[in-house]
Amino acid sequence: MSEFAPIDQLPGGLESGLEAVLMVADIPVSSARLAEIFEVPTARIATALENLATEYDGKDRPRGFELRRVASGWRFYSRADYADFVSSYVLDGQTARLSQAALETLAVIAYRQPVSRGRISAIRGVNVDSVVRTLLTRGLITEYPEVGDGGATLYQTTEYFLERLGLGSLDELPALSPYLPGVADLESLDSATYDD
């Protein structure tokens with residue numbers, strides 16, 4: 001790949017090209033993939049993306065959107081400051097929402113992964129079979145490559161889960177300590193055995 005490419009001949013150059021591609025992307029796009037598309041070095045893509053992200057956070061007038069690195073690439077998102085307005089625009093029923101049971105199950109998986117269905121049921125106190133199937137169907141969780149104790153299937157979150165939450169990694173999940181039961185309760189959950 002050369003330092004100069006066909007994109008450099010177009011108005012706005014690489015930065016405008018990146019905006020055009022990312023505007024239509026429905027999943028994060030990696031720097032390596034963007035380098036292939038524009039036939040320029042990955043380092044040049046990385047610099048251009050960082051410059052665009054900084055520009056959108058501009059001192060004079062921040063934009064209503066931001067360019068964020070999440071999961072395995074880059075994508076445009078609405079700025080969190082405007083979440084209430086965006087939410088009021090999105091009509092009820094236009095987006096498929098997760099039930100309270102699905103959100104609770106997803107939270108258990110996110111914070112305890114890899115985790116078996118039996119352990120999830122024990123933590124939530126209810127059968128989670130149908131909820132786990134829903135989360136699998138929506139691509140928010142997947143089966144962990146190894147089996148648990150007694151051959152139980154284990155579950156973990158997916159890159160799509162990180163993307164939907166706008167996170168780069170699981171390390172960015174908020175701390176749960178203010179919301180957790182006492183330490184003794186947690187130790188009893190960890191020491192118990194659960195079958196799938």
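Which handedness does the crossing have where α1 passes α2? It's a right-handed crossing, where right-handed means the near helix is turned clockwise from the far one by less than a right angle, and left-handed means it is turned anticlockwise. Before going further, note that this is a predicted model, where local features need pLDDT of at least 70, side-chain atom pairs count only at pLDDT 80 or more, and totals for chains, interfaces and linings use all residues. Residues are numbered from 1 along each chain as its sequence is written, and side-chain values use heavy atoms, with hydrogens and water left out.

**The overall layout**

- The protein chain has nine helices and five strands; these are DSSP runs numbered from the N terminus, with helices being H or I of at least four residues and strands being E of at least two.
- Of the 196 residues, 32% count as buried (buried is under 20% relative accessible area, exposed is over 50%, partly exposed is in between, using a 1.4 Å probe and protein chains only).
- Take the contacts in the chain with a separation of 6 or more: residues 24 or more positions apart account for 50% of them (a contact means heavy atoms within 4.5 Å).

**Helices α1 and α2**

- Packed helix pairs are described by the angle between their axes and the distance between the axes.
- Here, the axes of α1 (residues 13-24) and α2 (residues 31-38) come within 11 Å and cross at roughly 115° (axes are lines fitted to C-alpha atoms, for helices over the stretch in contact, and angles run from 0 to 180 degrees between N-to-C directions).
- That makes α1 roughly perpendicular to α2 (65 to 115 degrees counts as roughly perpendicular, under 35 as roughly parallel, over 145 as roughly antiparallel, and the rest as oblique).
- On the α1 side, Leu14, Gly17, Leu18 and Val21 make the contact, and they meet Leu34, Ile37 and Phe38 of α2.

- Strands β1 (residues 65-70) and β2 (residues 73-78) run antiparallel and are joined by six bridges (two strands pair if DSSP finds at least two bridges between them).

**The three-stranded sheet**

- Another set of strands forms an open sheet in the order β3-β5-β4, with antiparallel pairing.
- Its edge strands are β3 (115-116) and β4 (141-147), each pairing on one side only.
- Helix α5 (residues 100-112) packs on this sheet and touches β3, β4 and β5, with its direction making about 95° with that of β5.
- Two bridges join β3 to β5 (residues 153-157), and Val115 stands opposite Tyr155 in β5.
- Four bridges link β4 and β5, and Ile141 has Thr157 in β5 as its bridge partner.
- The β4-β5 hairpin has five residues between its strands, and Gly150 takes a positive phi near 70° there.
- Gly151 is also in the loop between β4 and β5, and is partly exposed, with a relative accessible area of 49%.

**Helix α6 and its buried face**

- In α6 (residues 117-124), the residues Arg117, Gly118, Ile120 and Ser121 are buried.
- Looking down the axis of α6, its buried residues fall within an arc of 160°, so they line one face of the helix (the arc is that of the directions from the helix axis to the C-beta atoms).
- The cover over those buried residues includes α5, β3, α7 (129-137) and β5.

**Spots worth a look**

- Most residues other than glycine have a negative phi, and most peptide bonds are trans.
- Glu39 has a positive phi, near 55°, and its place is in the loop between α2 and α3 (42-56).
- A cis peptide bond joins Gln113 and Pro114, with omega about -10°; Pro114 is found in the loop between α5 and β3.
- Glu163, in helix α8 (residues 159-165), is buried, with a relative accessible area of 5%.
- Leaving out residues up to four places away in sequence, Glu163 touches Asp26, Ile27, Pro28, Ala71, Arg75 and Tyr77.
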